[in-house]
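Hi,

Here is the structure I promised to pass on. Please open it next to this email; my notes follow below.

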Amino acid sequence: MNNEKKSDNSGSFIIFTDGSSRGNPGPGGWGAIICGERGSHTKKEPDVTELGGAENPTTNNRMELMAAIKALSHISVDGSATLYTDSSYVINGITKWVHGWKKNGWKTKEKKDVSNKDLWIKLVVEISGRQVVWKYVSGHVGVSGNERCDEIATEFADGKKVLLFKGALRDYGYKNITNISHDHEKMTIKLAHKKATSAHSRAKAYSYVSCMGGITKIHQTWAECEVRVKGVRGALFKKALNPEDQAEIVQKFRKS
């Protein structure tokens, strides 16, 4: 299911987008929410339109781009929009990198085609003559619009049937949809997790644990572990920092 009917009304819109993929490449989905005004010129009423779709195989970056393309193509060419996304790839690409790509014939400095060139070209077409303000919003920190787009995208990626909303803002089940204030507690947890993950990646390894086909092995070096897991679908692997950490990882892998 997807909802891609173009609006025949201009105006100012708030847009949220997100993309998801189960693997790179793998089955993926995209989601978008468009908040604006529809109706006659004498009586306009705020409304909400949800959009979404699936693709397989695809990548997360392609789905992030697709969400923005589909959302912008849904509104009139003379409509302005503020688009919120948690994809730095999309924002940096459309506000910075794209100018050099176009100048170089959509080639990188290494003279190779720009990744996802087809979608970048479509996105450039969609913003042509249109006023779009690009805003970054952190993912998974309680911003309602971002959370709902993530839900739409991941459900499409998982092959689920998604019920997309189209109607008056007052009837929308997600309240404060245009509020981009994040949940401070969720943000704190996210930052703490990011810091811990970064510290873990820099710490010296005690060993590496891998699991394939239900068989768990311990490796003394990453090179040894990589030989076993590289390119193998479903392979599990993780760095252990000490004997206790190693034992915990082994136990977790055996239960998976």
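A salt bridge here is a side-chain nitrogen of Lys or Arg within 4 Å of a carboxyl oxygen of Asp or Glu. D113 and K107 form one, at 2.7 Å from N to O. D113 is partly exposed at 44% relative accessibility. K107 is partly exposed too, at 31%. Keep in mind that this is a predicted model.

The structure holds 7 salt bridges. One of them joins the side chains of D158 and R22, at 2.8 Å from N to O. D158 sits in the loop between α4 and β6, and R22 in the loop between β1 and β2, so the pair ties together parts that are 136 residues apart in sequence. D158 is partly exposed, at 38%. R22 is partly exposed, at 41%.

R62 and E55 also pair up, at 3.9 Å. R62 is buried at 18% relative accessibility, whereas E55 is partly exposed at 26%. E50, R148 and E151 are linked in a network of salt bridges.

Next, helix α4. This helix covers residues 144–157 and reaches 20 Å from its first C-alpha to its last. Of its 14 residues, 11 are buried, R148 among them. G159 follows the helix, with a positive phi near 75°.

Last, R228, in helix α6. The nearest side chain of opposite charge, E224, is 8.7 Å away. R228 also touches other residues, including C211, M212 and H219.

Best wishes

Conventions:
Residues are numbered from 1 along each chain as its sequence is written. This is a predicted model: local features need pLDDT of at least 70, side-chain atom pairs count only at pLDDT 80 or more; totals for chains, interfaces and linings use all residues. Side-chain values use heavy atoms; hydrogens and water are left out. Helices (H or I, at least four residues) and strands (E, at least two) are DSSP runs, numbered from the N terminus. Buried means under 20% relative accessible area, exposed over 50%, partly exposed in between (1.4 Å probe, protein chains only). Lys and Arg count as positive and Asp and Glu as negative; His and the chain ends are not counted. Contact means heavy atoms within 4.5 Å. The expected span of a helix is 1.5 Å times one less than its number of residues. Lists of a residue's contacts leave out its neighbours within four places in sequence.
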